[in-house]
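The following note is intended for a student who is reading this structure for the first time. Please keep the sequence and the model open while working through the numbered points.

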Amino acid sequence: MRPKLKDFYRNHMQAADQVIRIQTDLVRLEIPDPNGIIYRFMNQLTGLYTIEELAELCNLTEEDVKRGVSMLHNHKLLESDATDTYGLTQRELQRYRNNFTFYSVHESMLENRYLFQERLKHSSVAILGLGGGGLLATWLAAMGVGKIVGVDHDRVELNNLNRQILFTEDDIGKHKTDVIRERLQAMNRDIDVQVVNRQIDSAHSVKDIIKDVDVVVCVIDTPPVQASRYVNSACIQYRKPVFHAGLRHGSGFMYRVVPFETGCTDCLCMQSIRRNSKVFDTIKSISNGELDSHLFLNPSFAPNVSLLTSVLASEIAKYITKYSPMFPLPYTKINLQDMRLTHEEISRIEDCPSCGRSRVIGAEPVPLDALVKLGTEKMTVK
Ligand SMILES: [Zn+2]
């Protein structure tokens, strides 16, 4: 092992008043250094010397050097000396050059920047809903996610063009799936883009799409709530992580469900019902045909769709590459007035009909009315 301090942090390292300071937007570190030994040691971390050589050069014991290296490694200040590019082609090394620069501050002695890209290359993501999902697909294709499966059943309409920027006026009337496939493939011919022209109207209707992918994204707006619940049931059956997202008038939200680790969509619905028993009245009115869902539930505005899909893409990248931990809690709310992000827990509920003890494997979600009834009864949080 020949430890090397990342150049980025070397450039931010300052020694004054017997303290070494490294202060960036990622790391704020102060190391007491009364006699300058640690500063000399850190300056020798050039990737040229072994632990034994460093000990001799800096007049330290090998144990001291190992302790120092371990501390700097834990703060991700050291980079990998591995030159393995994990089978990425010359074209990929060139194409994703700025990804590598981004990853470089996140890599460690154990995982280099190319490994993060290789994980993206060998990952597959199914995106259910290609309205806002089309923009998300763009980010994922640009980042280098190896396989993207897009699902929608709508055709492009004029009123989509206020925010679904992959479509042009010439696309009006075409299937969204066909247009998205063409655009993504033109953007990145190295990735595999597949599309399915289908309406998701049950858990059964989504199973063959999600069972072989690594990550599922549900951004279907119709039928509201129910579409997410269908996807939720199927993903629990196949134990697939799924990200859900949507926009309201004053806020956007996204949440991740890792089956049997986090609460699921039905757990979240039951928590919402417990807080406010009237929360699904609008949904029920829409289901009964009394209200137009687009007037009440789809205030999609281009900058907000862009913001939400960007945050979503960033979290998906963290999940796949593991370059950095995801948000600390699974539910994230974005305040669209001040762009503040807040994070909340989604507790698992023992009586949840989808992931709780009485769940029926492979079943469709219980009707919304039954869920509301369950939610208003006394609940036990796991
Ligand atoms: Zn649940």
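A residue is called buried if its relative accessible area is under 20%. This definition is needed for several of the points below, and the model to which it is applied is a predicted one.

1. **Overall features.** The protein has 16 helices and 13 strands. Of its 382 residues, 49% count as buried. Along the principal axes, the C-alpha atoms fill a box of roughly 80 × 55 × 40 Å. Among contacts between residues at least 6 apart in sequence, 64% join residues at least 24 apart.

2. **The eight-stranded sheet.** Eight strands form an open sheet with mixed pairing, in the order β8-β7-β6-β9-β10-β11-β12-β13. The edges are formed by β8 (192–197) and β13 (341–344), each of which pairs on one side only. From one strand to the next, the twist averages 15°.

3. **The partners of β6.** Strand β6 runs parallel to β7, and five bridges join the two. Within this pair, L128 stands opposite V151 of β7. Strand β6 also runs parallel to β9, to which four bridges join it; here V125 stands opposite V215 of β9. Together with helix α8 (residues 132–143), β6 and β7 make a right-handed β-α-β unit.

4. **The pair β10 and β11.** How do strands β10 and β11 run relative to each other, parallel or antiparallel? Strand β10 (residues 242–247) and strand β11 (residues 251–257) are antiparallel and are joined by six bridges.

5. Helix α9 (residues 176–187) lies across β7 (147–152) and β8, and runs at about 175° to β8. Helix α15 (residues 302–321) lies across β6 (124–128), β9 (215–218), β10, β11, β12 (331–335) and β13. The angle between helix α15 and β10 is about 165°.

6. **The zinc site.** Which residues coordinate the zinc ion? The SG atoms of C264, C267, C352 and C355 do so, at 2.2 to 2.3 Å. The angles among the four donor atoms are 97 to 122°, and the site is tetrahedral. For comparison, the ideal angle for four tetrahedral donors is 109.5 degrees. Along the chain, the donors follow the spacing C-x2-C-x84-C-x2-C. C264 lies in the loop between β11 and α12 (265–275), and C355 lies in the loop between β13 and α16 (368–376), so this pair ties together parts that are 91 residues apart in sequence. Both C264 and C355 are buried.

7. **The three-stranded sheet.** A further open sheet consists of three strands in the order β2-β3-β4, with antiparallel pairing. Strands β2 (13–16) and β4 (28–32) stand at its edges with a single partner strand each, so one side of each has no neighbour in the sheet. Neighbouring strands of this sheet are turned by 20° against each other on average, direction ignored. Strand β3 (residues 19–23) is joined to β4 by five bridges, and the two run antiparallel. The bridge partner of I20 in β4 is I31.

8. **Residue N160.** N160 is placed in the loop between β7 and α9. Is N160 buried or exposed? Its relative accessibility is 6%, so N160 counts as buried. Leaving aside neighbours within four places in sequence, N160 is in contact with R155 and K176. N160 and I172 are twelve residues apart in sequence, and their C-alpha atoms are 9.2 Å apart in space.

Technical notes: Residues are numbered from 1 along each chain as its sequence is written. This is a predicted model: local features need pLDDT of at least 70, side-chain atom pairs count only at pLDDT 80 or more; totals for chains, interfaces and linings use all residues. Side-chain values use heavy atoms; hydrogens and water are left out. Two strands pair if DSSP finds at least two bridges between them. Axes are lines fitted to C-alpha atoms, for helices over the stretch in contact, and angles run from 0 to 180 degrees between N-to-C directions. Contact means heavy atoms within 4.5 Å. Donors are N, O and S atoms within 2.8 Å of the metal (3.2 Å for Na, K and Ca); water is not among the atoms, so sites may look incomplete. Four donors count as tetrahedral if all angles lie between 85 and 135 degrees; four count as square planar and six as octahedral if opposite donors are over 155 degrees apart and all others between 65 and 115; anything else is irregular. Buried means under 20% relative accessible area, exposed over 50%, partly exposed in between (1.4 Å probe, protein chains only). A crossover is right-handed if, with the strands pointing away from the viewer, the path from the first strand over the helix to the second runs clockwise.
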